[in-house]
Amino acid sequence: MFARSAARALKSQSRQFSSSATRQSKVAVLGAGGGIGQPLSLLLKLNPHVTELSLYDIRGAPGVAADVSHIDTASEVHGYPADKLDQALEGTDVVVIPAGVPRKPGMTRDDLFNTNASIVRDLAAAIARVSPKAKVLVISNPVNSTVPIVSAVFEKAGVYDPAHIFGVTTLDVVRANRFLAGVTGTNPKDVKVTVVGGHSGATIVPLISQTPQGKGVTGEVYDKLVHRIQFGGDEVVQAKDGAGSATLSMAYAGARFTGDLLRAIHGEKGVVVPTFVKSPLFADQGIDFFSSNVELGVRTVLSPNGVEKIHGLGELSESEKKLLDACLPELKKNIEKGKKFVQQS
Ligand SMILES: NC(=O)C1=CN([C@@H]2O[C@H](COP(=O)(O)OP(=O)(O)OC[C@H]3O[C@@H](n4cnc5c(N)ncnc54)[C@H](O)[C@@H]3O)[C@@H](O)[C@H]2O)C=CC1
Ligand SMILES: O=C([O-])CC(=O)C(=O)O
């Protein structure tokens, strides 16, 4: 009896092992030659779920690919120059987009719209054509507008699955965890702040009251903490003094979110993280994209893997309700701007 159940357990274990070992995940990075793209490609080379890494940029991707490909992990790496976008996208499961220009001091993320909207639109059109089932992770700013742009392009192409398109807001979570740990003298690894809304200034809403560490943070300390989380990007832009915005922390955040999604794709249950997606939470107010905790996973409708479940916001403090009130109108404008851009294209 014991021998039979032990044999059954062993068989199921080996099936599990072989299915995860043989599952292929091809990940493409569009904008791989840039400040984020290079370290992001490096970190993805270290992820055991990535079996093939496809690096594309209008400048420098073959060089980055040659460099990263010497790292002694199992994945294959290929670099593609400007005229080889379709080849870069063929058969991809996940496409991460950090292509576009970064801010300089004095600019808002929305000031990047004129340049980045068309870059993201054109890359999205190529993904929709070549690899329509890929999960698309948008890093390029302004995220509040570029995610609606990618979604509208997919919709126009007739291949839109809202469960497959994600705005990467993980850097806001990373900052919130680090800064809250800083003011409370705790270890950031034990801090888990949910950040909701969007990804720019007042649209970034950290739910500090929902963490055990944040409960005692009030008054001026709280106000300064929230401001630092909302404007952490500006802190880096100013410190870099014209040389760009966050690249290393963003590469970490991008690799972390990609890793979370890959873990879910490879069968792990209960992977719940904030990300900016098509969302019902404030759709009745005309805001149909919103970042909140999302369970990543396997879906049975439309096609597999992606957004499994969108969580509500939970209980908010009075301060958080005010932050949310300030977030919504700005977010709505940013989303509408993205949608209108594609309609008029
Ligand atoms: N979501 C987030 O939390 C964050 C987003 N960002 C955004 O990420 C974007 C990239 O930032 P960086 O890497 O610092 O900029 P960067 O200028 O260093 O790199 C951008 C790369 O995109 C490439 N590129 C431009 N047009 C392209 C196209 N059509 N196809 C493929 N590649 C193209 C450029 O050649 C360059 O290598 C910016 O829009 C920035 O605002 C930055 C930090 C955090
Ligand atoms: O601030 C920027 O322009 C880049 C960014 O999105 C961030 O660092 O959060």
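A residue counts as near a molecule if its C-beta atom, placed from the backbone, lies within 6 Å of it. This is a predicted model, in which local features need pLDDT of at least 70 and side-chain atom pairs count only at pLDDT 80 or more, while totals for chains, interfaces and linings use all residues. Residues are numbered from 1 along each chain as its sequence is written, and chains are lettered from A and ligands numbered from 1 in the order in which they are written.

View 1. Around ligand 2 stand Pro102, Arg103, Arg109, Asn141, Leu171, Gly233, Val236, Val237, Ser245 and Ala246. By class, 5 of the residues in this shell are nonpolar, 3 are polar and 2 are charged, where Ala, Val, Leu, Ile, Met, Phe, Trp, Tyr, Cys and Pro count as nonpolar, Asp, Glu, Lys and Arg as charged, and the others, Gly among them, as polar. Helix α9 (residues 232-240) gives the most to the shell, with 3 residues; helices (H or I, at least four residues) and strands (E, at least two) are DSSP runs, numbered from the N terminus.

View 2. The shell around ligand 1 holds 32 residues, of which Gly34, Gly35, Ile36, Ala99 and Asn141 come nearest. It divides into 16 nonpolar, 13 polar and 3 charged residues, and helix α5 (residues 113-130) gives the most to it, with 3 residues.

**View 3. Helix α2 and its cover.** Gly37, Gln38, Leu40, Ser41, Leu44 and Lys45 are buried in α2, a residue being buried if 20 or more other C-beta atoms lie within 10 Å of its own, exposed if 12 or fewer, and partly exposed in between. Seen down the helix axis, the buried residues fall within an arc of 165°, so they line one face of α2; the arc is that of the directions from the helix axis to the C-beta atoms. Their cover includes β1 (26-30), β2, α3 (61-68), β3 (76-80), β4 (94-97) and α10 (248-265).

View 4. Leu46 lies in the loop between α2 (37-45) and β2 (52-56), and is partly exposed because 13 other C-beta atoms lie within 10 Å. From C-alpha to C-alpha, Leu46 and His164 are 24 Å apart in space, and they are 118 residues apart in sequence.

**View 5. Confidence and residues 1-21.** The protein averages a pLDDT (the predictor's confidence in each residue, from 0 to 100) of 92, and 91% of the residues score at least 70. Over residues 1-21, pLDDT stays under 50. Where pLDDT is low, the predicted coordinates should not be read in detail.

Conventions:
Contact = placed C-beta atoms within 7 Å.
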